[in-house]
Amino acid sequence: MPALIVTAHPDPESLTQHIARRLADALVAEDVDVETADLAAEGFDPRFTLADRHTYQVGGDFTSDVSREQARLDRATDVVLVFPVYWWSMPALLKGWIDRVFVNGWAFDVAPDAGIVRKLGRLTVHLLPVAGDDIGVYERHGYEQALRTQIEHGVVDFCGARRGVTAFVHDSEREDAAARDRLVAETVELVRAAIAPRD
Ligand SMILES: Cc1cc2nc3c(=O)[nH]c(=O)nc-3n(C[C@H](O)[C@H](O)[C@H](O)COP(=O)(O)O)c2cc1C
């Protein structure tokens with residue numbers, strides 16, 4: 001069960017990166033083969049270019065950086081997106097990664113007779129959004145549901161991948177480090193158990 005952990009945060013000291021490292025350690029301890037895609041450190045370019053538009057139009061002919069990301073995903077059975085919530089959604093860096101990588105010809109095909117052919121059935125996608133606000137704000141305004149609809153249904157279901165665990169870490173900027181740490185531990189454990197269940 002090789003797992004790919006994808007992060008989109010420029011600060012190695014951020015809570016997001018800390019959670020990604022904790023999750024990687026927890027999975028490695030269960031003998032999971034973990035690969036990390038640190039999109040900020042690796043300088044992934046999220047801008048949708050003319051070459052990406054060409055890919056969209058022909059359903060293939062991927063640029064080399066897109067092919068590299070697809071190959072990492074092809075090696076994984078589970079992918080975990082660990083990201084800070086920005087404006088009730090994912091950061092532009094991660095959105096650009098999805099825009100450019102999860103494209104027709106790889107994630108799905110558009111067949112004239114059969115409609116959409118979903119191609120990522122081998123992959124389970126877990127989401128670990130790190131949120132500044134508390135759970136009450138998310139519930140009152142429907143932000144959690146909006147984010148789930150957008151990514152779980154709009155991306156994961158669309159490509160035929162399996163929905164894994166979606167586990168928010170709320171109050172990410174609170175002063176109480178012990179409480180934050182407890183929540184991080186619980187969240188990491190949820191994802192760990194989903195990827196590497198113990199008998
Ligand atoms: C541009 C920007 C937009 C943000 N928008 C939201 C938001 O919509 N909802 C929310 O709960 N937190 C929001 N936050 C707070 C971040 O989620 C918070 O800073 C982050 O979770 C802290 O974790 P980190 O140390 O990994 O950055 C925003 C922060 C930034 C910088």
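Predicted model: local features only at pLDDT ≥ 70, side-chain atom pairs only at ≥ 80, totals over all residues.
The pocket itself has a volume of about 200 Å³, and among the residues that line it are M90, K95, F102, Q150, I151 and C159. By class, this lining divides into eight nonpolar, two polar and two charged residues.

The largest pocket holds about 280 Å³ of space, and of the 16 residues that line it, those closest to its centre are P84, V130, G132, S172 and E173. Nine nonpolar, five polar and two charged residues make up the lining of this largest pocket.

An open sheet of five strands is present, with parallel pairing and the order β2-β1-β3-β6-β7. Because β2 (34-38) and β7 (162-166) stand at the edges and each has a single partner strand, one side of each is left without a neighbour in the sheet. On average, neighbouring strands of the sheet are turned by 20° against each other, direction ignored. Strand β1 (residues 3-7) runs parallel to β2 and is joined to it by five bridges; L4, for instance, has E35 in β2 as its bridge partner.

Helix α8 (residues 177-195) lies across β1, β3, β6 and β7, and runs at about 175° to β6.

Note on methods:
Residues numbered from 1 in each chain as written. Heavy atoms only, no water. 1 Å grid on protein atoms, 1.4 Å probe; cavity = no way out; pocket = protein on both sides within 12 Å on 5 of 7 lines; lining within 4 Å. Points joined across faces, edges and corners; volume = space filled by probe spheres on them. Nonpolar A, V, L, I, M, F, W, Y, C, P; charged D, E, K, R; others polar. Pairing = 2+ DSSP bridges. Helix = DSSP H or I, 4+ residues; strand = E, 2+ residues; numbered from the N terminus. Axes fitted to C-alpha atoms, helices over the stretch in contact; angles between N-to-C directions. Contact = heavy atoms within 4.5 Å.
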